[in-house]
Amino acid sequence: MNARVRLPKGLADLLCSDIEQAIYEANLGTEDTGIATRYIIDHWSQIDIAAQYGCDRSAIYKNACKYAAERLRHIEKQEGPAF
């Protein structure tokens, strides 16, 4: 399971632990946190995540991955480069 993930510009060079912290601080909820973690950190494909959660791939992208990326961008703007 390997997916190409595009992180927000300022997050691309962060360590995995920093990204995990950002996901936690984004307060996405239990399911969306799991989805974001699998997609962003574990590099699972959207179809594999959808199969695990029993939903459509487009729902994974629209509801979790896209929302998580928006929340991470928002956190990045608040924290600045010293994230």
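1. Let's begin at His74, which is partly exposed because its relative accessible area is 38% (buried is under 20%, exposed is over 50%, and partly exposed is in between, with a 1.4 Å probe and protein chains only). His74 sits in helix 4 (helices are DSSP runs of H or I with at least four residues, strands are runs of E with at least two, and both are numbered from the N terminus). Along the chain His74 and Ala26 are 48 residues apart, yet their C-alpha atoms are separated by 8.6 Å.

2. A word on what you are looking at: this is a predicted model, in which local features need pLDDT of at least 70 and side-chain atom pairs count only at pLDDT 80 or more, while totals for chains, interfaces and linings use all residues. Residues are numbered from 1 along each chain as its sequence is written, and side-chain values use heavy atoms, with hydrogens and water left out.

3. Now the overall plan. The protein has four helices and zero strands, which gives the pattern α-α-α-α when read along the sequence. Of its 83 residues, 31% count as buried. Among contacts with a separation of 6 or more, 60% join residues 24 or more positions apart (contact means heavy atoms within 4.5 Å).

4. How do helix 1 and helix 2 cross? The axes of helix 1 (residues 16-25) and helix 2 (residues 30-41) come within 10 Å, with a crossing angle of roughly 155° (axes are lines fitted to C-alpha atoms, for helices over the stretch in contact, and angles run from 0 to 180 degrees between N-to-C directions). The two helices are therefore roughly antiparallel to each other (under 35 degrees is roughly parallel, over 145 roughly antiparallel, 65 to 115 roughly perpendicular, and the rest oblique).

5. From helix 1 come Cys16, Ile19, Glu20 and Ile23, and from helix 2 come Thr33, Ala36, Thr37, Ile40 and Ile41. By class, this contact has six nonpolar, two polar and one charged residues (nonpolar covers Ala, Val, Leu, Ile, Met, Phe, Trp, Tyr, Cys and Pro; charged covers Asp, Glu, Lys and Arg; the others, Gly among them, are polar).

6. Between helix 1 and helix 2 there is a loop, and Asn27 is found in it. Asn27 has a positive phi near 55°, although this residue is not a glycine. With a relative accessibility of 63%, Asn27 counts as exposed.

7. Helix 2 also packs with helix 3: their axes come within 10 Å and cross at roughly 145°. The crossing of helix 2 and helix 3 is right-handed. Here Glu31, Gly34, Ile35, Arg38 and Tyr39 in helix 2 meet Gln46, Ile49, Gln52 and Tyr53 in helix 3. These residues divide into four nonpolar, three polar and two charged.

8. Is Glu31 buried or partly exposed? Glu31 counts as partly exposed, at 49% relative accessibility. Glu31 and Tyr53 are 22 residues apart along the chain, with 8.8 Å between their C-alpha atoms.

9. The loop between helix 2 and helix 3 holds His43. His43 has a positive phi of about 60° and is not a glycine. Its relative accessible area is 33%, so His43 is partly exposed.

10. Gln46 deserves a look of its own. Gln46 lies in helix 3 (residues 46-53) and counts as buried, at 11% relative accessibility. Which residues does Gln46 contact, leaving aside neighbours within four places in sequence? They are Tyr39, Arg57, Ile60 and Tyr61. With Arg57, the side chains make a polar contact at 2.6 Å (a pair of N or O atoms within 3.5 Å; within protein, one must be able to donate a hydrogen and the other to accept it, and residues adjacent in sequence count only if both atoms are side-chain atoms).

11. Finally, back to helix 4 (residues 57-79), where you will find Tyr67. Tyr67 has a relative accessible area of 34% and is partly exposed. Leaving aside neighbours within four places in sequence, Tyr67 is in contact with Leu28 and Lys62. Tyr67 and Leu28 are 39 residues apart in sequence, with a C-alpha to C-alpha distance of 8.4 Å.

Technical notes:
A crossing is left-handed if the near helix is turned anticlockwise from the far one by less than a right angle, and right-handed if clockwise.
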